[in-house]
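Subject: Structure for your review

Dear colleague,

Please find below the structure that I am handing over to you, with its sequence. My findings follow it.

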Amino acid sequence: MDRFIDALQKRLMPIAKKISDIKFLSALGATFQILLPIILLGSFACLGAFLNIPAWQSFVKNTGLATIFMTIQSLTLSIIALYVAIVLPYQYATKLGMKPLSITIISFMTFLLITPHKLYTDIPTQWLGYPGLFTAMLISAFTVRFTKLLQDKKIYLRMPEGVPPIVEESFASLVPALFSALLATFIEAGLAKTSFGSIHQMIYSLIQVPLQGIGLSYPAYLLVQILSTLFMFFGIHGNAVFSIISPLTLAASAENLKALSSELPLPHIITDSFSVLCQPGGIGGTFGLAFLMAFTAKSKRLKTLGKMAIIPAIFGINEPLLFGIPILLNPLLFIPYILNPIICTTISYLSIALGVTPRLSGVIVNWTMPQIISGFLAQGVPTAILQIVLIIITTLIWIPFFKMVDRQIMLEETEETLVK
């Protein structure tokens with residue numbers, strides 16, 4: 001195993017080094033590290049609000065905890081793009097050697113201007129969460145780089161000597177602020193007159209349109225799993241893909257339930273609950289990674305994060321891992337992240353097609369249902385056992401990549417200790 005990890009590290013580390021040298025990606029990683037407390041808080045609030053156990057749901061509704069959980073979740077994870085739109089430009093400007101505060105304000109303003117809103121009333125939170133995350137990243141990259149270009153070309157308002165630095169900085173930011181505001185306003189107004197409605201919806205529509213009519217065959221469903229994972233890796237939520245096939249999977253579930261009640265053979269292998277087999281622990285099959293971090297990590301950061309992330313991972317919530325390690329845009333973890341759903345989807349489909357496990361009944365299993373229990377509810381003990389097998393396989397796939405990242409972070413921690 002050590003030889004394999006060393007060989008893997010020898011090939012991947014130079015690529016990772018080149019990618020990490022890209023200042024924007026470095027800033028993005030730092031951004032998610034800063035936002036980790038918010039992400040963790042939102043993850044646990046999401047778990048508390050949506051855990052689909054009748055006794056728990058009755059308890060939180062009767063005590064009012066459901067409203068508290070949903071409020072916390074709605075103002076943390078559900079508006080993650082808003083936080084990124086503030087922190088990312090600050091981090092990116094800092095790494096480019098710029099004074100970050102005024103640039104952060106410009107970038108944040110631009111994000112708000114380009115986002116649909118009701119004048120003097122509200123901004124729909126739909127675009128402040130995951131659906132707006134990719135746009136927040138694009139806006140941050142554009143405004144910071146554009147401001148840097150103007151500064152390098154010395155295109156800004158100069159103030160006479162003796163003016164306080166904060167005033168000078170404010171006036172120096174006026175040109176990029178004006179240009180960014182006008183551009184964002186024109187784009188928002190122009191797209192509002194199209195079928196897209198907004199830049200956020202345009203991004204999602206361009207993703208969704210080519211997938212229309214994809215069907216529920218094994219290749220089609222596998223493609224959905226791959227694309228949802230790939231998009232998530234780049235900051236676009238996988239729901240943009242799954243929403244395309246949801247009507248099909250729900251219809252397949254209904255047909256299976258109808259056949260079951262009529263004591264007829266179940267017609268469909270893929271139903272809505274088939275997804276509980278494809279990504280154990282959340283998109284990318286990250287339950288095994290959370291387990292490895294919590295119980296085997298040698299670096300303090302990964303062990304601490306693993307202990308906090310493992311409970312949400314049991315219930316299919318993996319934002320602490322996506323943003324905390326981070327997995328997002330991390331070349332060292334890309335291979336297992338994209339490979340796990342491919343293997344799990346294939347094994348699950350073949351297992352059902354070959355009769356090793358029965359076809360799913362059609363019962364809709366909530367996405368927050370814990371691992372193994374969700375398989376049992378979907379179609380009894382054989383499906384629960386299949387989930388256990390998939391968890392073991394995905395954990396084994398994570399091991400060499402996890403150890404490589406663990407070594408890297410442990411080395412960074414050692415260097416930081418020596419510096420102190």
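How are helix 3 and helix 4 oriented to each other: roughly parallel or roughly perpendicular? This is a predicted model, and in it the axes of helix 3 (residues 36-50) and helix 4 (residues 54-63) form an angle of about 105 degrees. Angles of 65 to 115 degrees count as roughly perpendicular, and the two helices are therefore roughly perpendicular to each other. Their axes lie 8 Å apart. From helix 3, the residues L47, G48, A49 and F50 take part in the contact, and they meet W56, Q57 and V60 of helix 4. Sorted by class, this contact comprises five nonpolar and two polar residues, with no charged residue.

The chain as a whole

The secondary structure of the protein chain consists of 19 helices and zero strands. The chain has 420 residues, and 49% of them count as buried. Among contacts with a separation of 6 or more, 73% are made by residues 24 or more positions apart. The accessible surface of the chain is about 20,000 Å², and carbon and sulfur atoms account for 70% of that area.

Cysteines

A search of the whole structure returned zero disulfides.

Helix 15 spans residues 287-296. Seven of its ten residues are buried, so this helix is largely enclosed by the rest of the structure. The buried residues of helix 15 are F287, G288, L289, A290, L292, M293 and A294.

In helix 12 (residues 218-233) I would draw your attention to Y221. With a relative accessibility of 3%, Y221 counts as buried. Y221 and T346 are 125 residues apart along the chain, yet their C-alpha atoms are separated by 9.9 Å.

The loop between helix 17 and helix 18

Two backbone features belong to this loop. The peptide bond joining I325 and P326 is cis, with omega about -10 degrees. P326 is located in the loop between helix 17 (319-324) and helix 18. L329 is found in the loop between these helices as well. Although L329 is not a glycine, its phi is positive, at about 60 degrees. L329 is buried, with a relative accessible area of 18%.

The loop between helix 18 and helix 19

Helix 18 covers 334-353 and helix 19 covers 373-419, and Q371 lies in the loop between them. Is Q371 buried or exposed? Q371 is buried, since its relative accessible area of 12% falls under the 20% limit. Leaving out residues up to four places away in sequence, Q371 touches P280, G281, A313, I314, G316, Q387 and I391.

I372 lies in the loop between helix 18 and helix 19 too. The phi of I372 is near 75 degrees, a positive value in a residue other than glycine. I372 is partly exposed, with a relative accessible area of 34%.

V363 is a further residue of the loop between helix 18 and helix 19. At a relative accessibility of 35%, V363 counts as partly exposed. Its C-alpha atom is 6.0 Å from that of A378, a residue 15 positions away in sequence. Apart from neighbours within four places in sequence, V363 is in contact with L257, S273 and L377.

With kind regards

Note on methods. Residues numbered from 1 in each chain as written. Predicted model: local features only at pLDDT ≥ 70, side-chain atom pairs only at ≥ 80, totals over all residues. Heavy atoms only, no water. Disulfide = S-S within 2.5 Å. Helix = DSSP H or I, 4+ residues; strand = E, 2+ residues; numbered from the N terminus. Buried < 20%, exposed > 50% of the residue type's maximum accessible area, 1.4 Å probe, protein only. Contact = heavy atoms within 4.5 Å. Areas by Shrake-Rupley, 256 points an atom, 1.4 Å probe, with all protein chains shown as cover. Axes fitted to C-alpha atoms, helices over the stretch in contact; angles between N-to-C directions. Parallel < 35°, antiparallel > 145°, perpendicular 65-115°, else oblique. Nonpolar A, V, L, I, M, F, W, Y, C, P; charged D, E, K, R; others polar.
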